[in-house]
Amino acid sequence: VQLQASGGGLVQPGGSLRLSCAVSTSLFSVNVMRWYRQAPGKQRELVAQTTSGGYTTYADSVKGRFTISRDNVKNTVYLQMNSLKPEDTADYSCNVLRYSIGYWGQGTLVTVSS
């Protein structure tokens with residue numbers, strides 16, 4: 001299984017970005033989809049996850065601003081990020097759990113700065 005993340009870039013505080021994670025297999029075979037981020041000098045943090053049953057969770061720091069979603073036709077997982085803050089600056093990567101095996105994609109860099 002291969003994952004390809006995209007959509008990162010430079011955005012001003014208060015702006016929005018949508019990250020995409022294209023998955024090389026059907027999302028119907030994926031149990032859990034996650035977005036992580038890692039800021040320079042910090043540990044990797046789970047930002048959001050959604051399960052095949054539709055259960056979603058978010059880190060407290062992004063609740064109400066970020067939304068994780070999936071497109072089962074395009075086999076893509078999204079992370080809509082609104083009201084971005086400088087502290088959201090990080091390398092964002094996607095992860096899926098399929099039949100108890102985890103798969104990672106490469107990161108996409110998000111920089112929030114004026």
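Predicted model: local features only at pLDDT ≥ 70, side-chain atom pairs only at ≥ 80, totals over all residues.

Arg37, Glu45, Arg65 and Asp88 are joined in a network of salt bridges, a salt bridge being a side-chain nitrogen of Lys or Arg within 4 Å of a carboxyl oxygen of Asp or Glu. Residues are numbered from 1 along each chain as its sequence is written, and side-chain values use heavy atoms, with hydrogens and water left out.

A search of the whole structure finds four salt bridges. Let me begin with Arg37. Its side chain meets that of Glu45 in a salt bridge, at 2.8 Å from N to O. Arg37 counts as buried, at 7% relative accessibility, whereas Glu45 is partly exposed, with a relative accessible area of 28%. Here, buried means under 20% relative accessible area, exposed over 50%, and partly exposed in between, computed with a 1.4 Å probe on protein chains only.

Arg37 also forms a salt bridge with Asp88, and the closest N and O atoms are 2.9 Å apart. Arg37 belongs to strand 4 (residues 32-38) and Asp88 to the loop between strand 8 and strand 9, so this pair ties together parts that are 51 residues apart in sequence. Helices (H or I, at least four residues) and strands (E, at least two) are DSSP runs, numbered from the N terminus. Both Arg37 and Asp88 are buried.

Which residue does Asp88 pair with at 2.7 Å? The partner is Arg65, with the closest N and O atoms of this salt bridge 2.7 Å apart. This pair, too, links distant parts of the chain: Asp88 sits in the loop between strand 8 and strand 9, Arg65 in the loop between strand 6 (56-58) and strand 7, 23 residues apart. Asp88 and Arg65 are both buried.

I turn now to the backbone. Asn75 has a positive phi of about 55 degrees, although it is not a glycine. Asn75 lies in the loop between strand 7 (66-71) and strand 8 (76-81). Is Asn75 buried or exposed? Asn75 is buried, with a relative accessible area of 18%.

Ser83, likewise not a glycine, has a positive phi of about 50 degrees. Ser83 is found in the loop between strand 8 and strand 9 (90-98), and at 42% relative accessibility Ser83 counts as partly exposed.
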